[in-house]
Amino acid sequence: GKSILNRGIGGDNVYGLYDRLSEDVLPYTPERVFMMIGINGIDEDEKRIIGHIEALAGMMKEKGISVYLCSILPLRSPDNWNRFQYQGKIVSINAELAVWAKANVSGFLDYHSVVKDASGQLAAECAQPDGTHVTFEAYRRMAAVVRPHIA
């Protein structure tokens, strides 16, 4: 019974979302936004990535939107973009975003923990061959995490 609009764009990053926020998100006057962004541009400075994500979430919150930050997903080696080296950085960013989101916006959704395997990689059954994109099984697991926040 809810209308859900996916405004994600493959290959997008925080700068692209900032540039299109006023045309691609805000005109729909969403009640809630579930923002999962950060893997594209993961090679940037960690504090800069976090700052940009927090700023975007703050801009949406100022518009009266309930904002939920979503974790950056783990990668599976080998990945097509040589980003597997940033696994530790992803975990660190997620930890910082979780603390900030709980204090400043509506919450933090930890998709990372439900799609990783025992080694911390994106689980084989959740990974496309490129090591970054996810399978239907990953989306199924992520849906279970977000579902309580949609009702």
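Visitor: Which side chain has a polar atom 3.1 Å from the backbone nitrogen of K47?

Guide: That is the side chain of D45, one of whose polar atoms lies 3.1 Å from the backbone nitrogen of K47; please keep in mind throughout that this is a predicted model.

Visitor: And what about the backbone nitrogen of R48, how far is that from a polar atom of the D45 side chain?

Guide: The value there is 3.1 Å, again taken from the backbone nitrogen of R48 to a polar atom in the side chain of D45.

Visitor: Where does D45 sit?

Guide: D45 belongs to the loop that runs between strand 1, residues 32-35, and helix 2, which covers residues 46-62. If you want a reference point elsewhere in the chain, D12 is 33 residues away from D45 along the sequence, and their C-alpha atoms are separated by 17 Å.

Visitor: Switching to rings: how many aromatic pairs are there?

Guide: The structure holds 1 aromatic pair. The partners are F34 and Y68, with 5.0 Å from centre to centre and 20° between the planes, and the pair counts as stacked because planes under 30 degrees apart are classed that way.

Visitor: Which parts of the chain does that pair link?

Guide: Distant ones, since F34 is in strand 1 whereas Y68 is in strand 2, residues 66-70, and the two are 34 residues apart.

Visitor: Is Y68 buried or exposed?

Guide: Y68 is buried, because its relative accessible area is 12% and the cut-off for that class is under 20%.

Visitor: Now the backbone. Which peptide bond is cis?

Guide: The bond from S77 to P78 is cis, with omega near -5°, and P78 is located in the loop between strand 2 and helix 3, the latter spanning residues 87-104.

Visitor: What is phi for N82?

Guide: Phi of N82 is near 55°, which is a positive value in a residue other than glycine.

Visitor: Is T29 buried or exposed?

Guide: T29 counts as exposed, with a relative accessibility of 65%.

How values were computed:
Residues are numbered from 1 along each chain as its sequence is written. This is a predicted model: local features need pLDDT of at least 70, side-chain atom pairs count only at pLDDT 80 or more; totals for chains, interfaces and linings use all residues. Side-chain values use heavy atoms; hydrogens and water are left out. Helices (H or I, at least four residues) and strands (E, at least two) are DSSP runs, numbered from the N terminus. A polar contact is a pair of N or O atoms within 3.5 Å; within protein, one must be able to donate a hydrogen and the other to accept it, and residues adjacent in sequence count only if both atoms are side-chain atoms. Rings of Phe, Tyr and Trp (its six-membered ring) pair if their centres lie within 6.5 Å; planes under 30 degrees apart count as stacked, over 60 as edge-to-face and the rest as tilted. Buried means under 20% relative accessible area, exposed over 50%, partly exposed in between (1.4 Å probe, protein chains only).
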